[in-house]
Amino acid sequence: MALGCLARAMGPVLPGVSSARAALLRAPRPLHSGVFAKAGGAAAPAAAAAGKKGGKKGGAKDEGAEGPSGPYSPTVRLPATDFSLRANSPVREPQIQAWWEEQAVYSSLAEGGAGEPYTLHDGPPYANGDLHIGHALNKILKDFINRYQLLQGRRAKFVPGWDTHGLPIELKVLQSLPDKERKSLGVLELRAKAREFALKTIDAQRQQFKRYGVWADWAAPYVTLEPAYEAAQLQVFGKMYTNGHIYRGLKPVHWSPSSRTALAEAELEYPEGHKSTSVYVALPMTAPGHKAAANPQLAEALQGSAFAIWTTTPWTIPANLAVALNDQLDYCVVEVQAAEGAEGEEGAEGAEAAAAAAAAAAAGWAVRRLVVAKELVGRLGEKTGARFQVLTTVKGSELEGCTYKHPLYDRVSPVVIGGDYITTETGTGLVHTAPGHGQEDYLVGQRCGLPLLSPVDDAGCFTAEAGEAFAGLAVQGEGNRAVCAALREAGVLLKEELYEHKYPYDWRTKKPTIFRATSQWFASVEGFRGSALEAIRGVGWVPGGGLNRITGMVEGRSDWCISRQRKWGVPIPVFYDTETDEALMSDETIAHVTALVRQHGSDCWWTMGVEQLLPPSLQHLAPRLRKGEDTMDVWFDSGSSWAGVLQATPGLAYPADLYLEGSDQHRGWFQSSLLTSVAANGVAPYKAVLTHGFVLDERGQKMSKSLGNVVDPRVVIEGGKDAKSQPAYGADVLRLWVASVDYTSDVAIGGAILKQMADMYRKVRGTLRFLLGNLSDYDPAAHAVPYAQLPGLDRYLLSRLHAVLTEVAAAYDNYQFFKVFQSLQRFVVVDLSNFYLDTAKDRLYIRGPDDPARRACQTVLDALLRGLLAALAPLVPHMAEDAWLNLPYARPAGSVFQAGWARPDPAWAAGLSEQQAAGWAVLLEVRDAANAVLEKARSGKAIGAGLEARVVVHVSEPVAAAALAALDAAGNGADELRYLLIVSQVELVSDAAAVKLCPFHDTAPSAAGAGAISVGVTRASGSKCARCWNYSPAVGHTAPADYPDLCERCSPVVAAAAFRPQQQPAAPGAGAKQPAVAGV
């Protein structure tokens, strides 16, 4: 019941209560009030100053300093708990984390749990800087899962990891050094500095992760630079070599001139807005192929013709060795029309002008006839401004075998059949083919026996092989322009323009890459592609679109280039003959190097000589061998973690139960892990894969320091320089944000969103505080009321709790944390704050300590508390643990996590029939209708508090009316309608006309099948009780006569406590107002 007389004693508004009733429906103040009843004892006397309006003006009021001070206030049992409404997260959360560590809570569960092991394998973040909000999203999601699994009794051991090799760290080290020191830096010095940098970064990131409240084996993480891990990685390499999946080849790969190393697909990014210089070029024909020669009309048309090609990389023209076409497309031989040949323009002058312009466009061309795809003749005309006349049309297959002369070199090359990649979407339908600079080009060249020409060096500059005119020029700068100029001078440049498209950039240096043929080491994906695709189909992908995404990537990917031309990494254990450059690598040599690395770390490759690195049986070959200088792709490093961690760590399982990372890892860690595991062992390293999106700002924009929209998780937790605009929310509010979003797509965060999360956090915390405070004198062993003896209201609430816990568990099982958040939010606000806890106050505060209705309510509060804490614990562990540590009775377990998941009693669901559930649905509709009419009565000044009202109710559907009547007749102090509606009196009437006699009334249709619901409001009869503020005709007429101002409920309670008010009670209606609570 809403106790108006206790309004100011009960402090802040309970979560979800409407502002219109804020003065009446309030949550209890914290423990420090001084007027709260102590556990197990009588009500404490009111504080001397409680309720007085004196004190220093403008001074901050202590939380809970205000309380009841009326004559009967000591008899009111208010909440008592040390669980503060104010979280003080910057202080309290680290204290709780320290307590977890001291009590070894995580390790006791992860290692000593009774259930099966559960392995969520951590994808290693790169150790090269501070954490960002994406890291927080990722690790907190993992912690949700692990903590839930621990609550379920599973041994969820979580080993965090770090990726520590590769170019980014190497560049960080080099950039930190002066030029002189950088130039003189030796390999071992560089590696030592890189190691030092990585380990220092790991220490910093580890502390940040721990502050998020993430549980893990922080003292024993896996780090890819550790000798044991490096040795495991080499073992994976060795298995793949033994299985025939590792080879050395000269083929085009993504090459970064800015990093001077080969790159894997996962190391590329494709920024928007890149513009390349594109050119249309004519390659003059020298001779027709045998099919063309056999066709007189075609042979005649091809006389003096050229093959028109289009490319966005003019710098690759010097490496051109063929023109490829699609044998299924139609191609035309066209001729540039002369100025006098144009027709169709309006007027003779217009025709002459257009013809002259078209002729001028082609004036510098050295050729007059072109071969181009039929569908692209018109587009080529639009692009160049020239007019073409079609001489003949043939299938592409007819042109195979024709030859042409390179316009810049004395070289004749063939026209060959390409593949389906040749379309009429862009270009000319004929593809310039340079096998040394493109994947499709390479494959065509291999099929057609073309040599591999790549006149470009490591720095991305033309070599002498490109000719004196181009040697030394950067291909993506001066070299590109020089080639275009040479083509123009040769009369074969048909058109030059900028073309915007997606182009690969080095993800580290943010500079464009090139395709370049070099001698590299590869993993032959083709050799196990089928097995990889089969393994993919056996994995659970969340969301489901991940299956198609990674399937397409593996189906279409080329062999994996695993060698890098860097020094900070795990060496590829190969030796080369100093004279022939032939590679020496065998199972024996790999095993020997692996053993040395396990003992000494990968530095031994640089500290030891060739003889020491070779097994004894091959040491005689040392004088003629040199060590390879390449290191492994860092994706091979992290992709071997299933071997270095899952197979090597007791308590972890291989395959893992789950991998969880961002959606970009379908082409990164998910794929590299899959490929290495399948190539080595024939199985996927994971049973399920879950992906999340990226974090954007509140407007959906990508975060950028230049835009000033970066959200730093440390600032969210600890606060910024301006405490007003950047308050310290603590880790739990950040975690609550993670729980609230649908992470399967991109998610947003910002100041307004965080404020909403903080408000929700306070609502939940206020609810927990209410539950704890009202259990201060409750002992489950002594006071719990059997389910069968509970009032209907309590049984209804337990059925709702059962449904919510079942729903929440299913959401956790399916990794749908936003559904957990939504379910708990609805339950706390709608079911608890707006309804059950609202009605519970009367029983809890006003009834005698051992009143059956009060103990029944406490039994439900205890069930609610335990259920909510278990459900909340994975999401907001600090708050859940804080509340658990403040349980007013002996804790069933040391930690809320050691208590396990709160499995609801099946009786809670079975004990409420379908008809009873329908009755409660009607009751809630009646309650909403009554609140609406009560508000009208307040606006009309007919009543103030709801307890001044008498409510008249009519429900037209007989079954629903009977259900309400049964509740009202229960007589258990909980189910009566006046308690449920929080008014002094309720009358159920059989005629709707009786409702309309009330000064305020309304009728609305029922959505729960109760027909029409009519509610009227008038003033309550009788006098107001000085203790509970209910109106009753019995006030002043109840024995004993010592309490003439109390009602029939309050008088026995006060008498049983042998309480005598310090001031003489006034008879009802006599003298001035004397409220039970000061200040009201």
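Predicted model: local features only at pLDDT ≥ 70, side-chain atom pairs only at ≥ 80, totals over all residues.
Residues are numbered from 1 along each chain as its sequence is written, and side-chain values use heavy atoms, with hydrogens and water left out.

**Cavities**

Six cavities of 30 Å³ or more turn up in the structure. A cavity is a set of points on a 1 Å grid over the protein atoms alone where a 1.4 Å probe fits but cannot get out, and lining residues have an atom within 4 Å of a point. Grid points are joined across faces, edges and corners, and the volume is the space filled by probe spheres set on the points.

The second largest cavity holds about 60 Å³ of space. Its lining is another story: seven nonpolar residues, one polar and no charged ones. The residues in question are Leu736, Met760, Val764, Phe821, Leu824, Gln825, Leu872 and Leu875. Two helices, α24 (751–773) and α27 (817–846), each give at least two residues to this lining, and α27 has the largest share, with three. Helices (H or I, at least four residues) and strands (E, at least two) are DSSP runs, numbered from the N terminus.

**Helix α6**

Helix α6 covers residues 187–211, 25 residues in total, and spans 36 Å from its first C-alpha to its last, close to the 36 Å expected at 1.5 Å a residue. That expected span is 1.5 Å times one less than the number of residues. Among the buried residues of α6 are Leu190, Ala194, Ala198, Ile202 and Phe209, but also Arg191, Arg206 and Arg211. Buried means under 20% relative accessible area, with exposed over 50% and partly exposed in between (1.4 Å probe, protein chains only). After the helix comes Gly213, with a positive phi near 85 degrees.

**Strands and their partners**

Strands of a sheet pair through backbone hydrogen bonds, either parallel or antiparallel. Two strands pair if DSSP finds at least two bridges between them.

| Strand pair | Sense | Bridges |
|---|---|---|
| β4 (residues 246–256) and β18 (residues 514–523) | antiparallel | ten bridges |
| β4 and β5 (residues 261–263) | antiparallel | three bridges |
| β22 (residues 575–577) and β24 | antiparallel | three bridges |
| β19 (residues 540–542) and β27 | parallel | three bridges |
| β26 (residues 658–662) and β27 | parallel | four bridges |

Start with β4, which is mostly covered, with eight of its eleven residues buried. Lys251 sits opposite Thr518 in β18, while Ser256 has Thr261 in β5 as its bridge partner. Four residues lie between the strands in the hairpin of β4 and β5, and Arg260 there takes a positive phi near 55 degrees.

Strand β27 (residues 688–692) has five of its five residues buried. Ala688, Leu690 and His692 are on one side, Val689 and Thr691 on the other, and both faces are covered. Gly540 has Ala688 as its bridge partner in β27, and Tyr659 stands opposite Val689.

The three-stranded open sheet has the order β23-β22-β24, with antiparallel pairing. At its edges are β23 (583–584) and β24 (625–627), each with a single partner strand, so one side of each has no neighbour in the sheet. Asp577 faces Leu625 in β24.

**Cysteines**

Cys332 counts as buried at 3% relative accessibility, and Cys1025 counts as buried at 0%.

Key. 1 Å grid on protein atoms, 1.4 Å probe; cavity = no way out; pocket = protein on both sides within 12 Å on 5 of 7 lines; lining within 4 Å. Nonpolar A, V, L, I, M, F, W, Y, C, P; charged D, E, K, R; others polar.
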